[in-house]
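This briefing is meant for a reader meeting the structure for the first time.

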Amino acid sequence: AEWLEQFAAFAQGALDDLDRPLDEVGVLSSEARRRVLQDFNATVAVDAGGATLLHHLFERQVAAGADRIAVSAGGTDLTYGELDRRAGRVAAALRAHGLTPDRPVGVYSGRAVETVVAVLGILKAGGAYLPLDPTYPADRLAFMLADSGAAHILALEPPPERMTAGSGAVVLSIAPGAPLWRDAAPEPSAMTLGADALAYVIYTSGSTGRPKGVAVAHGPFAMHCRTTADLYEMAPGSRELLFISFSFDGAHERLWTNLTVGACIVLRDDGL
């Protein structure tokens, strides 16, 4: 039906001005043009309550329902309160090791509860996270580390030496029982960041064969997640299965859309 509407608009436009080149004839009716240019861009109508940072939106859900399940994976459930406390320890450890705002931090792990804790902790510390998929070739991961300038890596398992050689990056284990969980006291999230602060860096395949880093800022991404939640009518108590790699950009939309509305993200086991 939409194609027919566009064809009718094109035909009418061509008939209205027979001397006009065809490549200058529009395919949108006045109503469709208004919808695309105005209705779809009415983002000011989305009320984020003044919050522009992803972790602040998450913290509002902690305050609203700390006992709700935030993440479920491999038989482990983390409530919003538990996730918040663990991420606070990650933030404290990163700050103790010299992380500064807007600096990327590598996250070497797959779909796991610890991954979600790590990315939230990085944001609380004021940094931006960089997904490093353990299934990727070590040379690609090494390039991503060097290109991004990441000086810290949170790792669920020891990363290969070929990946870290020459990077000088500090590797902190986030495996269960690692010193980080015992030694770092939880800290509140960084409060001095603006909407243009980096949230994460994702690498594409690259049209030339070399990966290209894309930096995603908090403000526009948070707005996107809020709008997506509204469109899908997501709310506290909703549950969604995440089955794609964190190195795929779509995974982050799904993760944060859930965590910023009080829903639960269920991580598919890598072995399934």
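How are α4 and α5 oriented to each other? In this predicted model, the axes of helix α4, residues 80-96, and helix α5, residues 113-124, cross at roughly 55 degrees, and α4 and α5 are therefore oblique to each other.

**Helix packing**

- Two packed helices are described by the angle between their axes and by the distance between the axes.
- For helix α4 and helix α5, the axes come within 7 Å, and the crossing of these two helices is right-handed.
- On the α4 side, the contact is made by Leu-83, Asp-84, Arg-86, Ala-87, Gly-88, Val-90, Ala-91, Leu-94 and Arg-95, while α5 contributes Val-116, Val-117, Ala-118, Leu-120, Gly-121, Ile-122 and Lys-124.

**Cysteines**

- A disulfide is a covalent bond between the sulfur atoms of two cysteines, and a search of the whole structure finds zero of them.
- Cys-225 is in no disulfide, and the nearest cysteine sulfur, which belongs to Cys-264, is 16 Å away.
- Seen from Cys-264, the closest cysteine sulfur is that of Cys-225, and the separation of 16 Å is too far for a bond, given that a disulfide requires sulfur atoms within 2.5 Å.
- Cys-225 is buried, with a relative accessible area of 0%, and Cys-264 also counts as buried, at 3% relative accessibility.

Terms used. Residues are numbered from 1 along each chain as its sequence is written. This is a predicted model: local features need pLDDT of at least 70, side-chain atom pairs count only at pLDDT 80 or more; totals for chains, interfaces and linings use all residues. Side-chain values use heavy atoms; hydrogens and water are left out. Axes are lines fitted to C-alpha atoms, for helices over the stretch in contact, and angles run from 0 to 180 degrees between N-to-C directions. Helices (H or I, at least four residues) and strands (E, at least two) are DSSP runs, numbered from the N terminus. Angles under 35 degrees count as roughly parallel, over 145 as roughly antiparallel, 65 to 115 as roughly perpendicular and the rest as oblique. A crossing is left-handed if the near helix is turned anticlockwise from the far one by less than a right angle, and right-handed if clockwise. Contact means heavy atoms within 4.5 Å. Buried means under 20% relative accessible area, exposed over 50%, partly exposed in between (1.4 Å probe, protein chains only).
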